[in-house]
Amino acid sequence: MTRIMVFGTFDMLHEGHLDFFRQARSLARDPYLIVSIARDAVAERIKGALPRLDEKERQFAVAACDFVDEAVLGDAELYMPHIVKAAPDIIALGYDQEGEFVNSLKRDLDSAGLRTAVTRLTAFEPETYKTSKLRGLV
């Protein structure tokens, strides 16, 4: 079994997210997909507003998805403790994920003693399937 981990807010699940999960699973013959859901405070800090659904509601929705083997809440302050606990073989980043977390990820994984591969997945119709666009926020 190959443990694959992805991250996101997932305030509303749409076809772009489902494709994200499918792409992540396709990275291994025997995938076990772990989805890390951003905590409310983290999502607010990154996106500038609280998600419409709270973290537990978002976790429940993601956990119900057939492509997902495990849905976990991310860390409220640091980001590495729950990654270390999950011990993923692969971390798959979304096409639009960026920032300090992404920039220091490989270094932090190495420092934690994890031999986790990091890859970036491709966009699936981002002009249509992006939460902010679906909500008319951009």
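**Group meeting: cores and helices in a predicted model**

Leaving aside neighbours within four places in sequence, Val68 is in contact (heavy atoms within 4.5 Å) with Phe21, Leu33, Val35 and Val62. This is a predicted model, so local features need pLDDT of at least 70 and side-chain atom pairs count only at pLDDT 80 or more, while totals for chains, interfaces and linings use all residues. Residues are numbered from 1 along each chain as its sequence is written, and side-chain values use heavy atoms, with hydrogens and water left out.

Val68 belongs to the largest nonpolar core, which has 18 residues. A nonpolar core is a set of buried Ala, Val, Leu, Ile, Met, Phe, Trp, Tyr and Cys residues joined through side-chain atoms within 4.5 Å. Buried means under 20% relative accessible area, with a 1.4 Å probe and protein chains only. A second, separate core of 14 residues includes Ile83, Ile91, Leu109 and Leu114.

Now the helices; these are DSSP runs of H or I, at least four residues, numbered from the N terminus, and strands are runs of E, at least two. In α2, residues 40-47, the buried residues include Asp40, Val42 and Ala43. Why are they on the same side of α2? They cover an arc of only 160 degrees around the axis, taken from the directions from the helix axis to the C-beta atoms. The buried residues of α2 pack against α3, residues 55-63. Just after α2, Gly48 has a positive phi of about 85 degrees.

Last, α5, residues 100-111: Val102, Ser104, Leu105, Asp108 and Leu109 are buried. The buried residues of α5 pack against α4, β4 and β5. Gly113 follows α5, with a positive phi near 80 degrees.

Methods. Buried means under 20% relative accessible area, exposed over 50%, partly exposed in between (1.4 Å probe, protein chains only).
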